Amino acid sequence: MNSSSNTFSLKTVFLDFKEITKAGLAISVLFSSIAGYFLGFSKEHPFQWSVLIMLAIGGYCMVGASNAFNQVIEKDLDALMDRTKNRPVPTGRMSTFSAVVVASLLTIIGITLLYMINPKTAMFGAISIFLYTSVYTPLKTVTSLSVFVGAFPGAIPFMLGWVAATGDFGIEAGTLFLIQFFWQFPHFWSIGWLLYEDYEKAGFFMLPTGKKDKGTALQVILYTVWLIIASLLPSLGYTGKLFISPLAAVVIFLLGVWMLFYAVKLYKLRTAKAAKTLMLVSVGYITLLQLVYIIDKFLR
């Protein structure tokens, strides 16, 4: 009986840890950092397994800490929404104090590991946690500009890998940042559209016009166009050591057309189904873009 209870307790603790750190989201963000690392290493900055492992663990801790602090700050609001009411803190499975301890430990471990790579990587990791928890999270109930603010920490992981590999923040890392920055808008506005009623219960402002209307859908299209342009910049030869071949540029452009098609579809239909499809396509877009960039680097 005790053995069964202990097993259940350990399983519960593990599942709660996964939920408070948003493991699925953290792993997808981590993929961006690893992609940036693969793009950044070179003869001047050779591949190092130790750096990749520290980036992976430190990166997970960084995202997990941000999510844990977020859930502490929003615990009362999370209890109001169907999507979040069963999270560890609002249900009482994890106390607020325990959640703060977990978030703090993750912050310390994450920044320490990133600092062991190089100070700039740690600095950007710390900036990401600060912006997400101290600026983006409080603004969600104040203004729709919270998505703009949240796009900054959200865009850091892709460039973080490059900085981890090279120790430098230049035009290359800036371009990777720009790509993921513009990607945030169609991605999160499609989520905001899909979960509009649930967000409304907590008083979150997640859409640019505050409504599921043509104005919001038009902005989704415009930011998708900016995303496509940013994604093609490395093919022009002005982004330093970050470069993609003409063939890769064609593939990236076609991926952009694919995403733009569903952005336009949201504008025409303005339905939850169209928003969900665009959200899934946006995830596919950024993942495939990163893979194309990496494959192109190794084929050249």
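Q: How do helix 8 and helix 9 cross, and how should I read the angle between their axes?
A: Axes are lines fitted to C-alpha atoms, for helices over the stretch in contact, with angles running from 0 to 180 degrees between N-to-C directions. Helices are DSSP runs (H or I, at least four residues) numbered from the N terminus. In this predicted model, where local features need pLDDT of at least 70, side-chain atom pairs need 80 or more, and totals for chains, interfaces and linings use all residues, the axes of helix 8 and helix 9 come within 7 Å and cross at roughly 140°. Residues are numbered from 1 along each chain as its sequence is written, and side-chain values use heavy atoms, without hydrogens and water.

Q: Which class does helix 8 fall into relative to helix 9?
A: Angles under 35 degrees are roughly parallel, over 145 roughly antiparallel, 65 to 115 roughly perpendicular, and the rest oblique. Helix 8 is therefore oblique to helix 9.

Q: Which residue types make up the contact of helix 8 with helix 9?
A: Ala, Val, Leu, Ile, Met, Phe, Trp, Tyr, Cys and Pro count as nonpolar, Asp, Glu, Lys and Arg as charged, and the others, Gly among them, as polar. The contact divides into 18 nonpolar, 4 polar and 1 charged.

Q: Which element gives the most to the lining of the largest pocket?
A: Helix 9 gives the most, with 8 residues.

Notes: Helix = DSSP H or I, 4+ residues; strand = E, 2+ residues; numbered from the N terminus.
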